[in-house]
Amino acid sequence: DMCGIMMLGKDVHDLLETSSGGNVEKGFLRWRNGGGMYHRSALIDSSALVEFGAVVHQEAILGAEVHIGSNTVIGSSVKIGPSTKIGNCSIGDLCVIHNGVCIGQDGFGFYVDDNGNMVKKPQTLNVKIGNRVEIGANTCIDRGSWRDTVIGDDTKIDNLVQIGHNVIIGKCCLFCGQVGIAGSAEIGDFVALGGRVAVRDHVSIVSKVRLAANSCVTKNITEPGDYGGFPAYKKTEPDSAFASDKHCFILQKILIQVPIHQWRRQIVEAQISSKRKP
Amino acid sequence: DMCGIMMLGKDVHDLLETSSGGNVEKGFLRWRNGGGMYHRSALIDSSALVEFGAVVHQEAILGAEVHIGSNTVIGSSVKIGPSTKIGNCSIGDLCVIHNGVCIGQDGFGFYVDDNGNMVKKPQTLNVKIGNRVEIGANTCIDRGSWRDTVIGDDTKIDNLVQIGHNVIIGKCCLFCGQVGIAGSAEIGDFVALGGRVAVRDHVSIVSKVRLAANSCVTKNITEPGDYGGFPAYKKTEPDSAFASDKHCFILQKILIQVPIHQWRRQIVEAQISSKRKP
Amino acid sequence: DMCGIMMLGKDVHDLLETSSGGNVEKGFLRWRNGGGMYHRSALIDSSALVEFGAVVHQEAILGAEVHIGSNTVIGSSVKIGPSTKIGNCSIGDLCVIHNGVCIGQDGFGFYVDDNGNMVKKPQTLNVKIGNRVEIGANTCIDRGSWRDTVIGDDTKIDNLVQIGHNVIIGKCCLFCGQVGIAGSAEIGDFVALGGRVAVRDHVSIVSKVRLAANSCVTKNITEPGDYGGFPAYKKTEPDSAFASDKHCFILQKILIQVPIHQWRRQIVEAQISSKRKP
C-alpha cells in the first residue's frame with residue numbers, strides 16, 4: 001500500500017476521454033484559465049491557472065495565483081495557498097499546501113559531457129504525495145530523476161524545507177522548519193526531524209527515529225531511537241534536546257504505542273500543560 | 001508601548017461601518033479585486049488582491065500579485081514587493097516587505113488524538129509587525145496559536161528567515177539571512193543574529209545580545225553580550241567572528257549608547273571606511 | 001571577459017530609441033502588460049508582467065505570474081518558472097530560473113544615523129548572471145550596493161540558496177540546496193559547495209575548491225582542494241564526505257582536466273553506475 005497514492009496516468013486519462021467540455025456526469029468541467037479539469041465542487045480563485053492535462057478533484061480549494069502544471073492531480077478537499085506552484089505531481093486527499101510552495105520542478109542533477117561541460121541530467125519523473133499531508137510556506141520538493149519523490153500519508157512538513165529529487169519519506173513524519181533532505185535519501189515512518197536537521201544524499205533512516213534540531217545525518221541510521229549532533233550519533237539517556245520539544249513529545253506517544261486509555265489521560269494532561277506553555 | 005502596533009479589530013471595523021463604497025470622507029475606497037478597503041493615495045498594482053475585511057492605508061505601495069488576506073491591516077507608506085502573501089496580520093507604518101514573503105499562515109502545531117492520529121492544533125491568532133520593519137525575500141512568519149507572533153519597531157530581517165508561531169521579537173533587532181527562530185521563542189531589543197543562527201523553541205534571549213553566524217541557542221540567554229557556537233556560549237574576549245561583521249558593528253554602536261557627538265565622529269569614520277570596503 | 005554578460009544600459013537604450021511600438025525590424029514589440037520590450041519569438045504567459053524598460057530576448061519562455069522589473073534584460077532562450085521576480089538584473093542566454101526565485105531585491109545593509117536610528121544603506125546596483133546558469137526554486141540573489149552581484153557562466157545553484165549583495169561567483173560552480181553566501185564574499189571558478197555550506201561576509205575562496213555539506217567558511221581559502229568542518233579546514237586524505245557526493249565527483253573530473261579520451265571511458269562508467277544508483 002504505497003501510501004494510498006493515486007496513479008497519475010490512469011486518473012488523468014480517464015477524464016480526458018470525455019468530450020472537450022469535460023465529463024459532465026462525473027461533475028468535471030474544463031477550467032477556463034489553462035484548460036485543466038476541475039470538479040464543480042472545487043473552489044478555484046479566478047487568477048489560478050490549471051493547465052491542460054491537470055485534474056482538480058472534489059472540494060479542493062485553490063488560492064490566488066496558484067499554478068497547477070499539466071501533469072498534476074490534486075486530490076479531494078486539498079487546500080492550496082496563494083502563489084503555490086505544483087507540477088509533475090499527484091497529491092492525495094485532505095492535504096494542506098501553504099503559500100509559495102514549489103513542488104515538481106527539476107531536481108539538481110548534472111554530469112560532465114565529452115568536452116568537459118556541465119550538462120543537465122534529465123529530470124522526468126514525478127512527486128507523489130499521500131493523504132492528509134501538510135507542507136509549510138516556501139518549502140521546495142523536487143521531481144524525481146531515477147525514481148519518483150514520495151511523501152507518505154499524514155506527514156507534516158514545516159516552512160522553508162528542501163526535499164531533493166528521488167527522496168522517499170514514509171508516513172506520520174514531522175519535519176520542522178528549514179530541514180534539508182538531499183537527493184535519493186530514504187526515510188521511514190514516524191520519523192521526527194527537529195529544526196534545520198540535514199540528511200545527506202543516498203542515506204537511509206529507519207522508522208521511529210527522532211533527531212534533535214540542527215543534527216546532520218551523514219550515514220545510515222539502522223536502529224529506532226533518539227539521535228543528535230554532527231555527525232548524528234545515538235543518544236543513550238533521555239536528552240533535554242528532546243524533552244521540551246513538543247513535536248518530539250508528540251512522536252514519542254505514537255512511537256511507544258501506549259494503550260489508548262493511558263493515552264487518553266496523557267493527551268488530556270498534555271493539552272492542559274500546553275494551555276499554560278505548550 | 002507594544003511597539004506602537006495598530007489594534008487590528010478597531011481599525012477594520014471603523015472603516016467597514018461606512019457605505020458599501022467605503023468611507024469617502026476618510027479617503028477610503030473599496031478595491032475592485034477582492035473588496036478590501038484602500039486609501040485613495042495608496043498605489044496598488046492591478047493584479048494585487050486585497051480581500052474583503054483587509055485595509056490598506058495612505059501611500060502604501062503594493063506590487064504585482066501581492067495577496068492581502070481578509071484579517072489584515074497594512075500601515076501607511078508600507079512597500080510590498082511582488083508575489084508577497086500576507087494574512088492574519090497588522091503591519092505598522094513605513095515598513096518594507098520584499099518579494100515572495102509569506103506572513104500569517106498557520107504555525108507548525110500538531111497533537112495526537114485518541115486514535116493515535118496526528119491532528120492539527122488550531123492556529124487562530126495573528127502576526128503583529130511594528131513600524132519601519134524590513135523583511136527580506138521569501139522569508140516566512142507564522143501566525144500565533146496561543147499568543148500573537150510579534151515583531152517590534154525598526155527590526156530588520158534578511159532573506160529566507162523562518163519565524164515560528166508565538167515568537168516575540170523586540171525593537172531594533174538585526175537578523176541576517178537564513179536565521180531560524182523556532183516557535184514560542186522570545187527575543188529582546190537590540191539583538192543581532194548573524195547568518196543562519198538558530199534559536200530553539202520556547203527559549204528567551206535578553207536585550208543587547210549578539211550571536212555569531214551559525215550559532216545555535218539551546219537555552220535561555222539572560223545576560224547581554226556576545227555569544228557564539230553550538231550550543232551558544234558567552235564570549236569573553238572580542239571575537240573575530242564579530243569584529244568584521246558590519247551588522248554587528250552597527251549594533252555595537254547602538255548597544256553602547258555612546259553620546260551622540262562621539263557617534264557623529266564614529267559614523268563619519270564608518271562611512272569613510274565603508275566607502276572603501278563596507 | 002566578464003562571463004560574456006550583456007552591458008545592461010546599452011542594450012535597453014538601443015531598443016527604446018525606436019518608435020513607441022518597439023523596433024519592428026529587429027523583431028521587438030512592446031508587451032501589453034507593463035510596456036517592456038520582447039522579441040516576437042519569446043513565449044510569455046499572459047499573466048506575466050514585463051515592466052517598461054525591461055527587455056526579453058529571442059525564444060525566452062516566461063511562465064505564469066513572472067515579474068520582470070524595469071531595469072532588467074533577459075537573454076535568449078532563457079526559461080523562467082512561474083511566480084519568479086527578477087529586477088535590476090541582466091541574465092545571459094540559455095539560463096533556467098525555477099519557480100519562486102527572487103533576484104535583484106535590496107541587499108541587507110544598514111547604518112546608524114546621528115540619532116542612533118538604524119537607517120538603510122542605498123542598494124542601487126545590479127545582479128549580472130552569465131550564460132547557461134541554472135537557479136533553483138525560491139532561491140534569493142540580492143542586488144549590489146558597492147559593486148554588482150555577479151554569477152559566472154555554467155554555474156548551477158539549487159533550491160532555497162541565499163546569495164547576499166556584492167557577492168562574486170565564478171564559472172562552472174555547483175551550489176547544493178540551502179547554501180548561504182553572505183554579502184561581499186568572492187568565489188572563484190569550479191567551486192562545489194555541498195548542501196547548506198555557509199560562507200562568511202567578505203571572505204574569498206579560490207578556484208577549484210570543494211566543500212563538504214554543512215561546512216562553514218570563516219576565513220579566506222587560498223589553495224585549491226577539499227575542505228570541510230566548522231570552521232572549514234583542508235582535508236588531507238580523500239574524505240568519505242566527498243567520495244559518494246555525486247556532484248563533487250562531477251567537479252572532480254572537471255578539476256583534474258583528465259585528457260578527453262580517458263574521460264570518455266570514465267563518463268561511460270559514471271553513466272552505467274548512475275543507472276544503478278546515481
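## Basis

This is a predicted model, in which local features need pLDDT of at least 70, side-chain atom pairs count only at pLDDT 80 or more, and totals for chains, interfaces and linings use all residues. Residues are numbered from 1 along each chain as its sequence is written, chains are lettered from A and ligands numbered from 1 in the order in which they are written, and side-chain values use heavy atoms, with hydrogens and water left out.

## The parallel sheet

Strands here are DSSP runs (E, at least two residues), numbered from the N terminus. Two strands pair if DSSP finds at least two bridges between them. In chain A, 9 strands build an open sheet with parallel pairing. Their order is 4-7-10-13-18-21-24-27-30. Strand 4 (49–50) and strand 30 (216–217) of chain A are its edge strands, and each pairs on one side only.

One of the pairings joins strand 24 (residues 180–181) to strand 27 (residues 198–199) of chain A, parallel, over 2 bridges. Ile181(A) faces Val199(A) of strand 27, standing opposite that residue.

## The mixed sheet

Chain A also has an open sheet of 11 strands, with mixed pairing. The order runs 3-6-9-12-17-20-23-26-29-31-32. Strand 3 (43–44) and strand 32 (233–234) of chain A stand at the edges. Each has a single partner strand, so one side of each is left without a neighbour in the sheet.

Strand 31 (residues 225–228) and strand 32 of chain A run antiparallel, joined by 2 bridges. Here Gly228(A) stands opposite Tyr233(A) of strand 32.

## Around Asp154(A)

Asp154(A) sits in the loop between strand 19 (149–151) and strand 20 (156–157) of chain A. Its relative accessibility is 15%, so Asp154(A) counts as buried. Buried means under 20% relative accessible area, exposed over 50%, and partly exposed in between (1.4 Å probe, protein chains only).

The side chain of Asp154(A) makes a polar contact of 2.8 Å with that of Arg132(A). A polar contact is a pair of N or O atoms within 3.5 Å; within protein, one must be able to donate a hydrogen and the other to accept it, and residues adjacent in sequence count only if both atoms are side-chain atoms. Leaving aside residues up to four places away in sequence, Asp154(A) touches Asn131(A), Arg132(A), Val133(A), Cys172(A), Cys173(A) and, in chain B, Met118(B). Contact means heavy atoms within 4.5 Å.

## Salt bridges

A salt bridge is a side-chain nitrogen of Lys or Arg within 4 Å of a carboxyl oxygen of Asp or Glu. Asp106(A) is in the loop between strand 13 (102–105) and strand 14 (110–112) of chain A, and Lys120(A) is in strand 15 (residues 118–120), 14 residues apart. Lys120(A) is partly exposed, at 26% relative accessible area.

In chain B, Asp154(B) bridges to Arg132(B), with the closest N and O atoms 2.8 Å apart. Both lie in loops, so the pair ties together parts that are 22 residues apart in sequence. Asp154(B) is buried at 12%, whereas Arg132(B) is partly exposed at 34%. Glu223(B) and Lys234(B) form another salt bridge (3.2 Å, N to O). Glu223(B) is partly exposed at 44%; Lys234(B) is partly exposed at 37%. Through shared partners, salt bridges join Asp106(A), Lys120(A), Arg143(A) and Glu134(C) into one network.

Definitions and conventions. Helices (H or I, at least four residues) and strands (E, at least two) are DSSP runs, numbered from the N terminus.
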